Amino acid sequence: MKTKLNYLLPILMIGMTAFQCDLFDPKSKITNNELVEIVTLQQLNTNSMSEGQKLGLTIAYSHRFSVKNGPQLFCREYSTAYLEKQAEWELNIEQTYATIGNAIGIDIVVERINGPCAINNKISACHYDGVDGINDLIPYAYSTEGEHQYLIPAYIYYGITNLKNAKEACEGYNGTYVCYDPNKCWQ
């Protein structure tokens, strides 16, 4: 066995060295167009990915909130740590958001999802530290409409009128605000 190892080790090293030379050719460079394509693909991947998955959480269920026949507003995701709370929190969810929607002038539709949730045109996120004694994060992902048409008007509906932007709203509840698109985020 030792003889085979002594024989194979130099062959493997020579093979790996030769392979690396071809694979990492210093003459091949990324063009500006290729770099733009790579960055664009990364941005698209970030925007389409579930916020909870991006944070490394195992998402058990989630809710996607949209304007009826209109844009998606936001997603709220719950890790497996919140499975015992699912029935309680989903009991009157449609009625709760119908009430909020009526108060702020939009018809909100709630979609219940088993597993992770992603929204189109994600521009920001707000990660809450947990609730009801459970310390797992509860990630929210917002579209532009979610930040502007829902978030601040909903806070105003609940009597919090001194907020200037979405970042302040998120941080007001000890959440961590993340902006993915500085040109569109409300911060």
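User: Happy to start with Asp132: what is its relative accessible area?

Analyst: In this predicted model, Asp132 counts as partly exposed. That class lies between the buried limit of 20% and the exposed limit of 50%. The relative accessible area of Asp132 is 47%.

User: Which residue meets Asp132 in a salt bridge, and how many residues apart in sequence are the parts this pair ties together?

Analyst: The partner is Lys85, at 3.6 Å from N to O. Lys85 lies in the loop between strand S2 and helix H4, while Asp132 is in the loop between strand S4 and strand S5, so the pair ties together parts that are 47 residues apart in sequence.

User: Now to helix H6: which side chain of opposite charge is nearest to Glu147?

Analyst: Glu147 sits in H6, which covers residues 144-157. Glu147 is buried and has no salt bridge. A salt bridge needs the atoms within 4 Å, and the nearest side chain of opposite charge is 11 Å away: Lys167.

User: Which side chain does a polar contact of 2.5 Å join to Glu147?

Analyst: Glu147 is in contact with several residues beyond its neighbours in sequence, including Ile123, Ala166 and Trp186. The polar contact of 2.5 Å joins Glu147 to the side chain of Tyr177.

User: Where in H6 does the kink lie?

Analyst: The bend is about 25 degrees, and it comes shortly before the proline Pro153. The residue at the kink is among the buried ones of H6: Tyr150.

Terms used
Residues numbered from 1 in each chain as written. Predicted model: local features only at pLDDT ≥ 70, side-chain atom pairs only at ≥ 80, totals over all residues. Heavy atoms only, no water. Helix = DSSP H or I, 4+ residues; strand = E, 2+ residues; numbered from the N terminus. Buried < 20%, exposed > 50% of the residue type's maximum accessible area, 1.4 Å probe, protein only. Lys, Arg positive; Asp, Glu negative; His and termini not counted. Polar contact = N/O pair within 3.5 Å; in protein donor to acceptor, adjacent residues only side chain to side chain. Contact = heavy atoms within 4.5 Å. Bend = angle between axes of the 7 residues up to and from the residue. Lists of a residue's contacts leave out its neighbours within four places in sequence.
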